[in-house]
Amino acid sequence: MFASAAIGSLSKIGVPLFLIITGYLMLDRDYSGPKLKRFLQHNYLPLLVSFEAWACIAMIAKLAADPSVSSIVEGLRTMLLIGDPFMIHFWYMQMLLGIYLFIPILASFIRSFEQNADKYIRMIIVVGVVFTFVFPTIQMIYNWLGGNSDYEMTLGGFTGRGALGILYMLLGYAIKKDLFNSGKHTVHIPLALLSLVLLWGLSSMELSLTKELFLVTAGFFPIALAAFAFANWMIHTSVWHHCPVSFARALQCLAGYAFGIYMVHPLVHEVLSKLIPQGAHSVRIISLNPITIFLISLCCCILLARIKPFRKWLLLRK
């Protein structure tokens, strides 16, 4: 039970980590004048084109398996950003397209307050964490223990993936400016360990009581704390300075294909699951496990990267 909760819950901090690092890298920039135009052309437009292209590819694959009008309608709705996507992993792209529009706005807000910006950001983070993470978590735990509460603090309706994404980016900015004095060596390691204890403890509790694990998009405080603590540790630790150059290059190369792997792997899994007969249990286990799907997806991305337009617009490799 504990092992399942530990592995399952740790896998949930990937998206929050990405958003925290995004805020760390992008919120203290200047997006005025020509710089805003450059951001929209070189950051936002490729993301939008890539999403539409992958949605079109997925729709064609879906039509090959299920040639119906409903498949076309679902595909077009996804491409127009209407409702839930017809392939679940596209929610991430839809979120990013919204989050990226807020980056220049948040950056302009921060720059407009100059010396007082950090004070206001600190206040926003505290209020956001209380309403978007702490209160929903308390409600969740209450329901695990047999309660029946459908009331939720919404902070004026400002909840959901968009609010979580913006708050995570602000946490990244807080790490960069060390707004909570979390960058000290005596703080960031104990904070990471404490976050693990809280995350794994409550995850085990939920799994034992409900037989389920929380969703990554839920306002679950242990996820936020673990993502913040690990991003803070990764940014401030000196471990990376002692890594071999070959290891760093391998990670850098793999990171370049990360976006493409994320977009390709559901299609690879779906195609293989339809091609391999249901009765071939051993073949399905070997072929449909995460490691095999990852390796096949990586190979697909390496092949796609050989074609320059695909490398730029599908894989977002510069």
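Let me begin with Thr78, which touches Phe51, Ala55, Asp84, Pro85, Phe86, Phe90 and Gln94, leaving aside residues up to four places away in sequence. Contact here means heavy atoms within 4.5 Å.

Before going on, some housekeeping. This is a predicted model, where local features need pLDDT of at least 70, side-chain atom pairs count only at pLDDT 80 or more, and totals for chains, interfaces and linings use all residues. Residues are numbered from 1 along each chain as its sequence is written, and side-chain values use heavy atoms, with hydrogens and water left out.

Back to Thr78, which sits in helix 4; helices are DSSP runs of H or I, at least four residues, numbered from the N terminus. Is Thr78 buried or exposed? Thr78 is buried, at a relative accessible area of 0%. Buried means under 20%, exposed over 50%, and partly exposed in between, with a 1.4 Å probe and protein chains only.

Thr78 also has polar contacts (pairs of N or O atoms within 3.5 Å; within protein, one must be able to donate a hydrogen and the other to accept it, and residues adjacent in sequence count only if both atoms are side-chain atoms). Its side chain reaches the backbone oxygen of Glu74 at 3.0 Å. A polar atom of the Thr78 side chain also lies 3.1 Å from the backbone nitrogen of Phe86.

Now Leu80, in the loop between helix 4 (69–79) and helix 5. Leu80 is exposed, with a relative accessible area of 60%. From Leu80 to Ala55 is 25 residues in sequence, and 10.0 Å in space, C-alpha to C-alpha.

Next, the core. A nonpolar core is a set of buried Ala, Val, Leu, Ile, Met, Phe, Trp, Tyr and Cys residues joined through side-chain atoms within 4.5 Å. The largest one has 79 residues, and those with the most contacts inside it include Trp54 and Phe90. Helix 5 (residues 90–113) contributes the largest share of this core, 13 residues. Trp54 touches Phe90, and also Phe259 and Met263, among others.

Last, which helix gives the most to the lining of the largest pocket? That is helix 3, with eight residues. The lining divides into 28 nonpolar, 10 polar and 11 charged residues; Ala, Val, Leu, Ile, Met, Phe, Trp, Tyr, Cys and Pro count as nonpolar, Asp, Glu, Lys and Arg as charged, and the others, Gly among them, as polar.

Methods: Helix = DSSP H or I, 4+ residues; strand = E, 2+ residues; numbered from the N terminus.
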